[in-house]
Amino acid sequence: MSDIDGHSPEAGDVAGPSAGSPSEFLKNIVGKKVKVRIGSGIDYHGLLTCLDGYMNVALEDTEEYSGGRLTARYGDCFLRGNNVLYISALEDL
């Protein structure tokens, strides 16, 4: 069987089911600078130090942004997972 471009996949040639998955992304951003948006629309930028299965987030060197403007700076910050809308990387993975 071949794929669209006529390439026949060989054993070990096909990416696993986790390649490009959200859980793989989350594993790759630990230790990177991220943006976390919470339900109220406030963004937090900081170094992602810890993330669990409930999407609880721990950040270091955190900056808080409201309406795109810097409103506060925190050393460490903990965001409860039920408030998190999304997490995006602010640097290349």
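Histidine 45 stands opposite glutamate 63 in strand 3, within a predicted model. Strands here, like helices, are DSSP runs numbered from the N terminus, with at least two residues (E) for a strand and at least four (H or I) for a helix. Strand 2 and strand 3 are paired over seven bridges in the antiparallel sense, where pairing requires that DSSP finds at least two bridges between the two strands.

The model was treated as follows: local features need pLDDT of at least 70, side-chain atom pairs count only at pLDDT 80 or more, and totals for chains, interfaces and linings use all residues. Residues are numbered from 1 along each chain as its sequence is written, and side-chain values use heavy atoms, with hydrogens and water left out.

The largest nonpolar core holds 13 residues, of which Val34, Val36, Val57, Leu59, Leu79 and Ile87 touch the most other members. Such a core is a set of buried Ala, Val, Leu, Ile, Met, Phe, Trp, Tyr and Cys residues joined through side-chain atoms within 4.5 Å. Strand 1 gives the largest share of this core, three residues.

Methionine 55 is placed in the loop between strand 2 (43–51) and strand 3 (57–66). Methionine 55 counts as partly exposed because its relative accessible area is 26%, the class between buried (under 20%) and exposed (over 50%), with a 1.4 Å probe and protein chains only. Its C-alpha atom is separated by 7.1 Å from that of valine 84, 29 residues apart along the chain.

The table gives contacts (heavy atoms within 4.5 Å).

| Residue | Contacts beyond four places in sequence |
|---|---|
| Methionine 55 | Leu26, Leu79, Arg80, Gly81, Val84 and Ile87 |
| Valine 34 | Ile29, Tyr44, His45, Gly46, Leu48, Leu59, Ile87, Ser88, Ala89 and Leu90 |

Confidence is expressed as pLDDT, the predictor's per-residue confidence from 0 to 100. The mean over the protein chain is 86, and 80% of its residues reach 70 or more, whereas pLDDT stays under 50 over residues 1–5 and over residues 11–17.
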